[in-house]
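Please keep the picture in view while I talk.

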Amino acid sequence: MGNTDYDYPSVINVEGVHRVAIPPPQPFFKSLKNSLKETFFPDDPLKKFKDQPASKRVVLGFQYFFPMLEWAPQYTLQFLKSDLIAGITIASLAIPQGISYAKLANLPPILGLYSSFIPPLIYAMMGSSRDLAVGTVAVGSLLMASMLGREVNPNQNPTLFLHLAFTATFFAGVLQASLGLFRLGFIVDFLSHAAIVGFMGGAATVVCLQQLKSILGLEHFTHEADLVSVMRSVFTQTHEWRWESAVLGCCFIFFLLITRYFSKRQPKFFWVSAMAPLTSVILGSLLVYLTHAEKHGVQVIGELKKGLNPPSVMDLVFVSPYMSTTIKTGLIIGIIALAEGIAVGRSFAMFKNYHIDGNKEMIAIGTMNIFGSFTSCYLTTGPFSRSAVNYNAGCKTAASNIVMSIAVMLTLLFLTPLFHYTPLVVLSAIIVSAMLGLLDYQAVIHLWKIDKFDFLVCISAYIGVVFGSVEIGLVIAVAISLLRVLLFVARPRTFLLGNIPNSVAYRNVEQYPNASHIPGILILEIDAPIYFANASYLRERITRWIDEEEDRIKTSGKTSLQYVIMDMTAVGNIDTSGISMLEEFKKTNDRRGLQLVLVNPGSEVMKKLNKSKFLDELGHKWIYLTVDEAVGACNFMLHTYKPNHVKDESGGCNSV
């Protein structure tokens with residue numbers, strides 16, 4: 001069972017062992033500089049500026065903030081053809097979606113078109129994604145309506161509500177651009193994939209429930225977004241349900257879902273699904289116009305103003321008591337918009353095998369929202385549905401956003417009167433069909449199979465949104481995700497290692513049941529940095545490993561435990577609490593007659609152990625580069641020296 005084939009003398013020979021090196025000391029400011037660089041500049045964005053003349057650096061600087069300057073000089077006629085088709089295709093989706101989402105946000109429908117005109121132009125110049133199609137999103141619209149609606153009733157004071165929406169969009173843009181400029185994008189990473197799946201699914205459910213107002217033709221409806229309030233509002237007004245509106249809504253939802261299903265089964269006919277919303281608007285408008293359905297309970301959009309975006313910079317509200325509400329709303333919708341936009345951009349970049357800079361994306365999205373708030377736009381980002389159409393339509397560059405913007409501009413100038421008879425129920429059908437795509441039940445099943453804790457995060461976020469509010473769901477999702485991070489830090493894994501037969505490899509005995517124990521030696525692996533949050537736990541857990549090993553030895557009657565080897569390969573760092581824990585643990589082992597042996601501490605760990613004098617206290621000879629060398633040395637000592645430890649009454653031991 002022991003490693004009897006080792007050449008023990010050569011193992012403990014100083015010349016024959018590769019000792020763990022102590023890194024040379026570094027000045028504090030140099031070490032701080034390296035830490036900050038790894039935190040904020042992991043992608044080394046300044047690399048291309050090195051060894052470049054001043055004029056070249058200026059050009060590179062402009063290209064960094066305006067990626068359009070990189071691809072525009074190489075733009076070809078073939079690219080134009082592809083982007084033209086893609087831009088016109090996404091415009092056909094953007095126009096009805098924009099109007100629909102503006103209504104969802106309790107804003108004038110024309111704002112949906114305004115928000116699909118200016119922001120895409122800015123993103124085309126500043127965005128690094130070739131596939132992201134910019135526009136309003138349902139979740140952001142719902143969040144804005146919900147949070148601002150608590151402060152101002154959009155029906156009683158629509159002008160103030162509109163101005164607060166512009167202000168919240170401004171603060172969202174400032175947050176997004178600041179995160180990019182100060183390279184704080186890692187904050188968005190605290191929204192885990194599981195949290196986003198649950199949150200988006202819950203938001204999609206709530207959005208669909210809100211559409212019951214238009215589908216059933218109700219004039220009075222709750223402003224609350226939770227399931228109970230919506231169901232109470234629906235079933236207390238059964239006498240006001242309009243069957244004409246309900247039939248029309250169900251027919252259009254069925255039509256939109258059928259076209260989407262067809263496009264998924266036949267990807268080359270992607271345009272069928274993309275054109276379906278605009279087709280629904282046209283058919284619905286014609287039906288209402290010809291049958292005068294607006295006189296029979298079918299609500300219509302009404303008049304839309306012709307003309308381009310009016311300036312709104314003077315409409316921003318920076319006074320109490322609305323300031324705190326707009327800031328809070330801006331922060332939350334800004335984070336959600338960033339998470340969605342960057343996730344969508346990275347997904348399509350992966351498909352086409354190119355890289356997008358997350359910090360550039362934040363600056364671009366933030367800038368377009370800041371300028372959008374000055375030009376009568378509300379929150380925009382890169383929605384998945386629109387970007388998927390852009391990708392499937394064969395876009396080559398961000399110029400497809402420019403084409404879409406021009407198409408929307410022409411609509412604003414000449415075609416807005418055509419939307420007068422568009423029934424609201426068709427807009428609700430467009431929203432419902434889009435939201436059903438966010439109910440990713442397959443992802444939820446996948447989470448259940450792979451990781452039950454991630455599944456819990458997902459379901460908790462979903463329940464929080466559906467039965468509480470969108471904000472509650474978001475807080476729950478973030479809180480549980482952070483709790484998991486804290487649990488990983490505070491309760492790191494420790495493993496018992498054994499020797500793989502006929503090898504020098506030592507692995508987790510749970511993963512490799514055939515790995516054998518080494519008589520007289522306990523080998524443990526710590527799988528995380530040692531900090532104040534986990535130092536006490538690790539001391540108690542390692543002590544329990546030792547107690548369990550001694551109990552196992554007593555029952556088997558084999559060699560008593562003499563050495564505790566700790567593999568610290570995965571311990572990337574240690575703080576003073578961790579060092580104190582090791583010092584206390586060593587003293588405890590000394591009293592029990594056990595020798596502590598360390599294996600492969602990292603450079604930061606070695607540096608701190610050396611400065612704390614722990615290495616001198618432990619003895620440099622008890623630090624090894626590999627578990628194999630440590631076991632060889634301990635085995636040699638076990639076979640060469642056989643001390644007889646007699647425990648005294650106080651639990652200590654004396655060598656006889």
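This is a predicted model: local features need pLDDT of at least 70, side-chain atom pairs count only at pLDDT 80 or more; totals for chains, interfaces and linings use all residues.

Strand 3 and strand 4 (residues 563–567) pair in the parallel sense over five bridges, where pairing requires that DSSP finds at least two bridges between the two strands, and strands are DSSP runs of E with at least two residues, helices being runs of H or I with at least four, both numbered from the N terminus. Within this pairing, Glu525 stands opposite Asp567 in strand 4. Between the two strands the chain passes through helix 23 (residues 535–556), and this β-α-β crossover is right-handed, in the sense that, with the strands pointing away from the viewer, the path from the first strand over the helix to the second runs clockwise.

Residues are numbered from 1 along each chain as its sequence is written, and side-chain values use heavy atoms, with hydrogens and water left out.

Strand 3 is also joined to strand 1 (residues 494–499), here by three bridges and in the antiparallel sense, with Thr494 opposite Ile526 of strand 3. Why is strand 3 largely enclosed by the rest of the structure? Five of the six residues in strand 3 (residues 521–526) are buried, that is, under 20% relative accessible area with a 1.4 Å probe and protein chains only, where over 50% is exposed and anything in between partly exposed.

Returning to helix 23, we find that it packs with helix 24 (residues 576–592) at an angle of about 25°, the axes being 9 Å apart; axes are lines fitted to C-alpha atoms, for helices over the stretch in contact, and angles run from 0 to 180 degrees between N-to-C directions. The two helices are therefore roughly parallel, a label for angles under 35 degrees, with over 145 roughly antiparallel, 65 to 115 roughly perpendicular and the rest oblique.

Finally, two residues of helix 5 (residues 77–104) deserve a look, Ile90 and Ile99. Ile90 counts as buried, at 0% relative accessibility, and it touches residues including Ala133, Val389 and Met404, contact meaning heavy atoms within 4.5 Å. Its C-alpha atom is separated by 9.5 Å from that of Ser385, 295 residues apart along the chain. Ile99, at 1% relative accessibility, likewise counts as buried, and among its contacts are Pro109, Ile301 and Phe419.

Key: Lists of a residue's contacts leave out its neighbours within four places in sequence.
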